[in-house]
Amino acid sequence: MGYTYKKTAKDGSPRYYAIYKLNGRWKWESAGRRKQAAEALLKRREMEIATGTYGQVKDIQFTELVDKFLEGYVEIRLKPRTIKDYSEVCEGHLIPYFGKKNAPAITTGDCQAFIRHELSKGLQPRTVNNFLTILGKIFNQAIKWGYAEKNPVSNVDRPRQPQKEMDFLTPEEVRRLYDACDPDFLPYPACAINTGVRQGELLAMIYLDLDSERKCIHVRRSISGGYLTEPKSYRSRRTVMMTPSLCAILAEHKARTGGKPDDLVFPGPDGGYMSPHVLMGKFRKALKAAGLREITWHSLRHTYAALMIALGENIKFIQNQMGHSSITTTLDRYGHLLPHASLGVGERLDNFIFGDDVEHYPQISTWRGYV
């Protein structure tokens, strides 16, 4: 007769094990964070041993699969904020719907029904699609672990997400914002607009990251959900160039605050990390004083990209500055702005090749393919 056993992990959370005899020796098998999952696993293993099917059948309850996924994949590979997000989605949405089902028996039709169920609760398509992404990752791991032969999420018809219009400030609006900002707050939006750094990267920046001689910022860390982490991806750990005006603004900011090398450049009221809610409160106040519409802080990152494209900067340079994982990401998000940057490109190419002598080459019109 086997039994279940509870251990406490280093982070204080419980870990349950099913303990049973196999070939005269006691075997421990992790069942995750729930006692019920351990009891169900123990019952299944004892039945398999009794019927001689142990090692052949790998049925697993969805709840148990989620526990294995969180413990054996998420917690050892992902950042604390992402672990928290995954856990909340699993506990709040996936387990309540799929929890008691046998995971290998879940079909594409079941996933399609889950989509309808979540949308009927008033959730946005983007949110439900995020749930499906996590569900798909759970089944990818299930396949690797031998609990499933295929991923039921692969052929799901995902809900269509309405295209959200990108908002950014024009040069004239940027000037209005600067004029309306309190001197103590101006460095915050100025840094975002002139470098394109993410909000978490901005709030985690220390003075040691600023290089006034080379006019650049070394992005080395980020703050997300109260957790200090590495930047979003390996390309996010980067060096971004500063404009002369931003160098001057930050130098004045440092002199005014008496910042030391290890001090935060943009601290909160208590000297620690500034809360995004506090930052947005100050930002809304500045927007209102400037007579501008309310936009998100992330729109300042869009503003940087839009201004760079308008200046005709190389898209690869923009990708590196913004820390996108691939140039595809940059083109997908900002490619629709490129046609405006290409106005006059034909004239510029002619002038580059022929200079002032372009009118002396009338035979150009007879070249093959010329229209």
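C247 is buried, with a relative accessible area of 15%. I start there because the limit for buried is under 20%. This is a predicted model, so please hear every value as computed.

What about the sulfur of C247? The closest cysteine sulfur is in C216, 8.6 Å away, which is too far for a bond. A disulfide is counted only when two cysteine sulfur atoms lie within 2.5 Å. By that rule, the count comes to zero disulfides. Another cysteine, C111, is buried too, with a relative accessible area of 0%.

Back to C247, and to the helix that holds it. C247 is among the buried residues of α9, together with L246, I249, L250 and H253. They cover an arc of only 165° around the axis, which puts them on the same side of α9. As a reminder, an α-helix has 3.6 residues a turn, so residues three or four places apart point the same way. On the other side of α9, P244 and A255 are exposed.

What do the buried residues of α9 pack against? They pack against α6, α7 and β4. As for length, α9 runs over residues 244-257, and its end C-alpha atoms are 20 Å apart, in agreement with the 20 Å that its 14 residues should span. After α9 comes G258, with a positive phi near 70°.

β4 takes me to the sheet. It is an open sheet of three strands in the order β4-β5-β8, with antiparallel pairing. β4 (210-211) and β8 (238-241) are the edge strands, each pairing on one side only. Between β4 and β5, residues 216-219, there are two bridges, in the antiparallel sense. L210 has I217 in β5 as its bridge partner.

The last element is α10, residues 276-289. This helix has 14 residues and reaches 20 Å from first C-alpha to last, close to the 20 Å expected. Its buried residues are L279, M280, F283, A286 and L287. Seen down the axis of α10, the buried residues fall within an arc of 120°, so they line one face of the helix. H277, K285, K288 and A289, on the other side of α10, are exposed.

Which elements does the buried side of α10 pack against? The buried residues of α10 pack against α6 (171-180), α7 (187-195), α8 (199-203) and α11 (298-310).

Finally, the two ends of α10. At its start, a side-chain oxygen of S275 comes to within 3.1 Å of the backbone nitrogen of H277. Just after the helix, G291 takes a positive phi of about 70°.

How values were computed:
Residues numbered from 1 in each chain as written. Predicted model: local features only at pLDDT ≥ 70, side-chain atom pairs only at ≥ 80, totals over all residues. Heavy atoms only, no water. Helix = DSSP H or I, 4+ residues; strand = E, 2+ residues; numbered from the N terminus. Expected span 1.5 Å × (residues − 1). Buried < 20%, exposed > 50% of the residue type's maximum accessible area, 1.4 Å probe, protein only. Arc of directions from axis to C-beta. Contact = heavy atoms within 4.5 Å. Polar contact = N/O pair within 3.5 Å; in protein donor to acceptor, adjacent residues only side chain to side chain. Pairing = 2+ DSSP bridges.
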